[in-house]
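Here is a friendly walk through a protein model. Please have a look at the structure below before reading on.

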Amino acid sequence: MPPRTSNSADPADTAAAASPALRVAVLADSDTRWKWGALTARRLTAGAGGTFGTGEGERPVEVTGLLLRGRATPTPRQLAEVGEVGVDAGRVREVTAVEFLHAVRDEAYDVVVLALVGGAVQAMLHGLAALGLPRRPVIVTGYVGVVYEKLADGLLLRHGADIVLANSRHDAERFRAVYEGVGADASSVTEAALPFLGGAPYHPEEGRDTVVFAAQPSVPASRADRTYLLRRLVEHARLHPGREVLLKLRSKPGEHTTHIEELPYQRLAERLPGGLPPNFRLVYGHMGEVLDRTDLLVTVSSTAALESLHRRIPTAILSDLGVRETLGNHHFTGSGLITSWDRLDGGYRPRPDDAWVSGQGVAADGSYDTAYDTARAKVAVLLERGSLPDLAPYYTPVTAPGYLPGILARHHLATDGRPLPGATTPKETGRVRGAVRETVRNAARGAYRHGVQRVAPVIRRMGEL
């Protein structure tokens with residue numbers, strides 16, 4: 001006779017153990033998009049107890065991380081600096097587009113979060129549609145931060161996902177207007193918020209006076225503009241010797257982020273006349289930890305400004321180089337935050353406009369806890385349907401015959417979404433061949449970065465002679 005089981009177990013624990021895990025895959029192509037994707041997956045699927053659903057339908061959540069191989073694939077150091085995202089590092093692996101599609105075919109994921117640049121999202125949507133799965137996963141995508149350029153292009157490349165997340169009410173309205181304006185279904189647009197907002201509200205501390213400049217890899221782009229910003233930051237430190245002035249950097253030279261950084265501030269700082277004052281430092285690490293000790297956040301247009309505003313930290317958007325679409329600071333018109341280094345040197349601190357802040361998903365009013373409720377409910381409804389309709393992106397060989405094929409080909413997919421001949425990498429290739437591929441890939445990546453950071457600037461300077 002089998003032994004009798006105890007009835008002392010918690011019914012909720014027993015139900016969770018008996019329920020199959022909700023399997024979620026996050027595919028990302030850079031450090032910041034990995035952060036956005038992993039945290040989005042958690043906010044969409046996990047309640048307070050780390051489970052999805054309610055009552056007897058609660059299911060544990062299992063998140064797998066996949067990094068799309070490319071120029072910006074994050075390094076282990078970058079992944080570590082992203083901070084806690086609730087994903088086991090052992091469940092993160094690098095894949096090609098075709099390998100990702102095979103993983104979706106073989107692993108039976110329930111939800112897939114595409115944290116990718118727009119063209120890659122479009123390619124994956126067509127690739128997933130071509131799989132013809134009898135039960136496909138719920139597909140979610142969105143933007144990492146402020147959407148200040150390529151609005152129509154990026155949105156239409158993301159069309160076809162079940163859920164296109166908007167980080168604010170302002171974005172949701174713009175997204176729907178774009179889709180409806182071209183006759184595309186806009187029902188996928190779902191208002192939420194940036195998934196990485198958080199941290200303790202700002203409280204000044206006696207004896208602490210810290211100014212942080214949040215650098216961006218590609219804004220501004222020119223050497224003259226970047227040198228100007230660095231020089232003004234250093235001058236600010238010299239004007240206020242009792243103030244700690246930090247330059248928050250996204251990556252170390254040789255590493256890539258979401259955007260290419262051709263002129264790292266580290267290199268520019270090495271060449272700055274007069275050196276650096278003792279109260280000025282370059283810092284890396286998790287932005288949330290830096291904001292913990294920040295009394296003024298200064299930037300051109302970094303998403304860090306929204307993180308800062310969420311915590312009610314004094315925040316300034318620089319106008320020194322103009323308020324221009326190419327800089328992205330035009331997004332902050334009406335915010336009350338746009339100012340210059342001259343005014344900041346004199347002690348000015350901008351005050352945000354409450355109406356502007358409320359429309360930008362900053363949720364400084366305490367509403368952040370419920371920002372993902374609508375999106376989470378939408379995921380639940382789609383999962384309950386079981387069989388979902390075929391993915392139907394706006395771009396097809398009929399609607400965009402001169403655009404779509406090139407996007408798909410970059411990811412080794414044919415116009416029907418199927419892998420091109422030779423694109424498939426069989427598992428039987430063996431460890432030796434795999435090691436050779438890894439060595440060649442790393443060498444190619446290093447050569448590319450050297451070309452971007454060293455050779456390209458020299459060629460441009462020669463062209464200006």
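This is a predicted model: local features need pLDDT of at least 70, side-chain atom pairs count only at pLDDT 80 or more; totals for chains, interfaces and linings use all residues.

Residues are numbered from 1 along each chain as its sequence is written, and side-chain values use heavy atoms, with hydrogens and water left out.

Let us begin with helix α6, residues 151-158. Helices (H or I, at least four residues) and strands (E, at least two) are DSSP runs, numbered from the N terminus. Among the residues of α6, Gly 154, Leu 155, Leu 156, Leu 157 and Arg 158 are buried; buried means under 20% relative accessible area, exposed over 50%, and partly exposed in between (1.4 Å probe, protein chains only). Their cover includes α5 (118-131), β6 (138-142), β7 (163-166), α7 (169-181) and α15 (404-409). Just after α6, Gly 160 has a positive phi of about 120°.

Now to the salt bridges, each a side-chain nitrogen of Lys or Arg within 4 Å of a carboxyl oxygen of Asp or Glu. By this rule there are 21 salt bridges. In helix α8 (residues 223-239), Glu 235 and Arg 231 sit four residues apart, and their closest N and O atoms are 2.9 Å apart. Glu 235 also pairs with Arg 232, at 3.7 Å between the closest N and O atoms. Arg 232 counts as buried because its relative accessibility is 9%, whereas Glu 235, at 28%, counts as partly exposed. Arg 231, Arg 232 and Glu 235 are linked with Asp 320, Asp 342 and Asp 345 in a network of salt bridges.

Notes: Contact means heavy atoms within 4.5 Å.
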